[in-house]
Amino acid sequence: MVDDITKKNAKNNIKLYKKYKMFAYDWLFYYAISVLFLTTIKHFSMAQILYINGFYALFTIIFQILCNNLINKLNLKASIILGNIFNIIYCSMYIFTNSYVFIIIGNMFGAFGFTLKNISESSILYASLKKIDKISDFSKIEGKSNSKYYYYEAFASFISGFLFILNVYIPLILCLINLIIAFVMSFKFKNVDSKVSQNKYGICKVFTDTKNILTSNRLKVIYIFSFAFAGILGVTSTLYKAILTDVGIQDQYVTMIVCVASIFIGIGAKSLFLIEKKFKNKTLSILSYLLLTSLLIIGITSINNNLNIYSNIILIICISIIGLVQGAYRVAVKKYILSFTTHKIRNRITSLYYIFENIGSTMFSFSIGILLDYFNTSTVCIILAIISIVIIFSILKYMSTRLGLRPEEYSPKDINNVDINK
């Protein structure tokens, strides 16, 4: 039985989560001008930017292994607070240093902060919904919460280009202010799990738990898909921003196009419930087709760096579709990951998902960074699209008999031995 105080705290968390994620999901005011900021102000090459992204993902992999112990000791609320503190340090280093090495060190702080946040935030929402028997609302609430961030990000992207022209550091200062707001809001969360896992996650324990989790064919295919899809998606957003600059679009208009993409990310996140209703267990396949087709068209359209109004429209449509895919994917994959979990295994399963995702991001970022030393951005985009088509279609074929089944069609180990009748 769940007592009234716990139910009240759970409802408080759900209500707060919807507002909190708008400020806390990711950096605001920065991503629209990120490539411009790092190339024109910090004087990094496109290859160096991809390497920066790669180091961030590599640090995240390391911290995924280490942070579960800390989260178990601190609890979810304290982990969210600490994650926001490190996120503030992360942003501050981008503002105050021009050193490539210190930017990478800043990414280490950011990887630690976001690792704590990524594991803890969705877990506190899921745990709260479970306390009031509304787990089925997870994707709807997560989607709406994320969409609020992306609508705000759309506004931030729209004006950040103009603010960047006024003063290159204004977008970063506004980003820092929003991170501080998220930090203050995080103190209002309540811990609702009376039982806290006491497992000690040393290296041996990590490998033992990982081996046990990977006996689930269902989780295994989610991890493999996330490894590839997140890696492709991560480098795609950097490549299309670079392409927009390469073809001669002015800085403030680049940020407007990124603004449009942010709007569609919000639409994708909010519409996942409807997308799943229509496509059911084909949802991830449909998102893959849309991403890969758009990526290939962007590369082909921009290959000669000679655009007209029609090719500009094609680019904007493709970038908008990628935004839609990004928003829907983030919500869909979290629903798959958190389904059939309990407080004893939820953090470890979530953490392992982020490890796979960031291994993919690391490999794709470093690989694309190397290619950019030899080819132009549009050519690299086409190469990435062709390679990605082969990889994703192979994974989708492997997934077809292992994911999207009815609960009773899974073996007990595939659903973590969770009693689906409870």
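**Entry 1: F63 and F112**

I looked up F63 and F112 and found that both are buried. I note that the model is predicted. Next I checked their rings. The centres lie 5.2 Å apart and the planes stand at 70°, so I logged the pair as edge-to-face. The cut-off for that label is over 60 degrees. I then placed the two residues: F63 belongs to helix α3 (residues 46-74), and F112 to helix α5 (residues 100-131). They are 49 residues apart in sequence, so this pair ties together separate parts of the chain.

**Entry 2: aromatic pairs**

I searched the whole structure for aromatic pairs and got 28. One that I examined is Y56 with Y90. Their ring centres are 6.0 Å apart and their planes meet at 15°, so I wrote this pair down as stacked. Y56 sits in helix α3, while Y90 sits in helix α4 (residues 76-96). The two are 34 residues apart, and the pair links distant parts of the chain. Is Y90 buried or exposed? I read 7% relative accessibility for Y90, which counts as buried.

**Entry 3: helices α6 and α10**

I turned to helix α6 (residues 138-166) and helix α10 (residues 251-279). Their axes come within 7 Å. The crossing angle is roughly 175°, which means α6 runs roughly antiparallel to α10. What classes of residue make up the contact of α6 with α10? I listed 15 nonpolar, eleven polar and five charged residues.

Terms used: Residues are numbered from 1 along each chain as its sequence is written. This is a predicted model: local features need pLDDT of at least 70, side-chain atom pairs count only at pLDDT 80 or more; totals for chains, interfaces and linings use all residues. Side-chain values use heavy atoms; hydrogens and water are left out. Axes are lines fitted to C-alpha atoms, for helices over the stretch in contact, and angles run from 0 to 180 degrees between N-to-C directions. Helices (H or I, at least four residues) and strands (E, at least two) are DSSP runs, numbered from the N terminus. Angles under 35 degrees count as roughly parallel, over 145 as roughly antiparallel, 65 to 115 as roughly perpendicular and the rest as oblique. Ala, Val, Leu, Ile, Met, Phe, Trp, Tyr, Cys and Pro count as nonpolar, Asp, Glu, Lys and Arg as charged, and the others, Gly among them, as polar. Rings of Phe, Tyr and Trp (its six-membered ring) pair if their centres lie within 6.5 Å; planes under 30 degrees apart count as stacked, over 60 as edge-to-face and the rest as tilted. Buried means under 20% relative accessible area, exposed over 50%, partly exposed in between (1.4 Å probe, protein chains only).
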